[in-house]
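Let's take a walk through this structure together. Keep the sequence and the 3D view side by side as you read.

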Amino acid sequence: MVSVARKLIASRNPIPISRSCELGNQEALQPFVPFSRLQETKLLESHLVSLLDNCSSLIQIKQVHAHVIRRGLVQCCYVLAKLLRMLTKINVPMDPYPRLVFHQVEYRNPFLWTALIRGYSIQGPLKEAVRLYNAMRREGISPVSFTLTALLKGCSDELELNLGRQIHCQGIKLGGFCKDLFVHNILIDMYVKCGWLDCGRKVFDDMSERDVISWTSLIVAYSKTGDMAAAAELFERMPVKDLIAWTAMVSGFAQNAKPREALEFFHRMQSEGVETDELTLVGVISACAQLGAAKYANWVRDVAEGYGFGPANHVMVGSALIDMYSKCGNLEEAYKVFEKMNEKNVFSYSSMIVGFAMHGCANAALDLFEQMVKTEVKPNKVTFIGVLMACTHAGLVERGRHLFDIMEKHYGVEPSVEHYACMIDLLGRAGQLEEALELIKAMPMEPNSGVWGALLGACRIHGNPDIAEVAASRLFELEPDSIGNYVLLANTYASAGRWEDVLGVRKLIKQKLLRKDPSRSWIEGKNGVIHEFYAGDMTHPNSKEIKEALEDLIGRLKSHGYEPNLSSVPYDLSEEHKRRILLTHSEKLALAYGLLITDSAGSTIRIMKNLRICEDCHSFMCGASQIIGREIIVRDNKRFHHFRNGVCSCGNFW
């Protein structure tokens with residue numbers, strides 16, 4: 001006899017129940033589903049999943065859910081797992097709605113468990129995802145690969161290395177996951193993000209199957225650590241190289257100050273017929289910006305337009321081109337790109353403001369900032385770095401103070417350590433060293449090397465060894481192996497005539513086995529060839545002609561009153577020895593070569609330098625621009641100097 005409960009179920013169940021054979025005196029009922037009805041149910045489930053896939057709002061999902069309930073599919077894990085994933089996709093909190101859907105299912109399969117675990121892994125808290133996983137295991141349900149990848153993704157996002165390692169062990173212990181491609185890829189990502197690159201490489205080396213994600217994840221990881229040799233070794237071994245892998249290499253070289261290698265890889269990419277995109281082009285544009293060569297700048301713009309990524313309609317490329325032309329010394333072309341852009345966002349405005357600031361055009365930078373704030377474009381952190389830098393390079397102390405004060409009050413941009421570094425630089429260059437030191441002491445965060453470095457640099461300019469010692473002592477703690485800090489302190493002592501202290505710093509440098517980056521300048525020759533010059537190095541093929549041109553220029557300058565600034569040599573040497581050192585500084589050699597290879601009819605000479613230009617070379621360039629009647633542009637590691645008719649754009653404030 002059929003129980004009342006069974007009758008109720010049968011009366012509500014859309015699937016008919018038939019009698020089965022009798023077993024002794026008992027009458028057993030077994031559900032029987034006709035094949036046609038089973039097909040109909042499967043089609044309905046697939047249809048509902050398809051509807052959920054197309055949902056973009058909570059209202060739409062709830063409408064489909066209502067249909068699921070009406071059709072009697074409230075126990076269907078297949079449909080409800082999709083429902084939970086869609087709720088996660090549109091950022092609906094897991095509690096209460098998705099959680100209630102989950103708990104109403106009597107027999108949950110691993111995919112439904114995984115859908116809820118994944119939601120908590122993405123939205124947090126991660127510990128709730130782990131608690132659910134433990135509950136799932138207690139019920140005797142084995143995870144699927146997506147369960148582990150969901151948990152590992154959460155560990156990766158929250159940098160939970162120890163938890164990630166435990167889940168890795170779970171995968172090994174349970175078995176069946178040792179060859180799963182997706183699990184291994186997310187493991188690589190987790191170890192890399194948590195700073196355990198060697199473990200990520202071990203996972204990669206043990207994989208029996210790899211896809212392009214496996215290779216590219218490690219290539220990007222090595223690029224971020226600056227190990228481009230390891231990245232290149234992996235890239236060359238890749239069986240199939242797609243756009244993402246090529247972009248990773250181009251961008252990696254560009255981000256690690258290896259512009260020539262970045263351009264070489266891009267040329268290879270083009271020769272192999274790989275299509276490019278905006279991200280690749282931005283990497284190539286960055287490489288050209290580092291080289292500072294006009295030929296490459298115009299070439300990469302033509303390439304971008306050839307691929308259909310012209311700056312007028314592609315704000316990412318346009319912003320990168322503005323930065324590139326600015327760093328190549330062609331501010332006019334940078335502004336032309338800016339003006340032609342149909343859409344301008346915070347990045348394009350900020351790039352142009354920073355460009356003006358680098359070239360000493362403080363008023364233009366501040367005017368553009370005022371135009372920007374009148375639009376709907378809201379300034380960001382980089383924008384304020386640009387305007388503060390403009391004030392710094394023009395000595396606009398009061399304007400800088402005002403902008404620093406209002407950036408959070410009016411625009412919601414909280415001052416970061418970089419903004420404080422700009423203010424310390426602004427005050428320090430203006431000679432207000434005590435105020436700069438007090439501002440550092442009042443900082444709400446721990447001062448970094450950029451802050452103390454700005455103060456130490458200002459002490460070098462104004463010859464204040466006492467405050468320089470304070471800044472240097474902190475820098476020696478933060479960057480014990482950065483030789484530049486020791487050199488700055490030694491130079492400050494030298495300016496004050498404290499030669500015993502200079503010797504003490506140099507002894508410390510020798511004890512630490514530190515090496516100074518050699519002063520290097522480069523200039524673009526014919527056909528875009530870059531010619532490099534090192535201080536005192538006369539090994540260039542045209543060294544004889546360069547020496548003659550330089551001696552001729554020096555003679556003409558001396559007849560106009562030029563005398564080498566011997567204080568620019570921080571060594572206790574004879575005056576004659578100091579003169580010889582000064583007259584073979586790398587930027588002077590580059591200028592002499594520029595005079596040999598360029599037309600004399602008023603063309604601009606552009607020189608790039610890896611270190612800050614010294615006081616003597618600065619005055620030398622001023623005089624040279626007047627004598628030869630041509631503009632000389634020098635980009636050092638701080639800013640651009642435009643020398644015209646005996647005057648520099650920085651107003652001798654650099």
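Predicted model: local features only at pLDDT ≥ 70, side-chain atom pairs only at ≥ 80, totals over all residues.

**Repeats, a helix pair and a salt bridge**

Residues 242-276 come out at 74% helix and 0% strand, with 10 Å between the end C-alpha atoms.

Next, turn to a pair of helices, H21 (residues 362-374) and H22 (residues 381-394). Their axes come within 9 Å and cross at roughly 150 degrees. Angles over 145 degrees count as roughly antiparallel, and H21 and H22 are therefore roughly antiparallel to each other. Their crossing is left-handed. On the H21 side, the contact is made by Ala362, Ala365, Leu366, Phe369 and Met372, while H22 brings Thr383, Phe384, Val387, Ala390, Cys391 and Ala394. Sorted by class, the contact of H21 with H22 has 10 nonpolar residues, one polar residue and no charged ones.

For charged side chains, we can look elsewhere. Side chains of opposite charge can pair when their charged atoms come close. The structure holds 32 salt bridges, and one to find in your viewer joins lysine 153 and aspartate 157, whose closest N and O atoms are 3.0 Å apart. How are these two placed along helix H8 (residues 145-158)? Lysine 153 and aspartate 157 are four residues apart in H8, so about one helical turn separates them.

Notes. Residues numbered from 1 in each chain as written. Heavy atoms only, no water. Axes fitted to C-alpha atoms, helices over the stretch in contact; angles between N-to-C directions. Parallel < 35°, antiparallel > 145°, perpendicular 65-115°, else oblique. Left-handed = near helix turned anticlockwise from the far one by under 90°. Contact = heavy atoms within 4.5 Å. Nonpolar A, V, L, I, M, F, W, Y, C, P; charged D, E, K, R; others polar. Salt bridge = Lys/Arg side-chain N within 4 Å of Asp/Glu carboxyl O.
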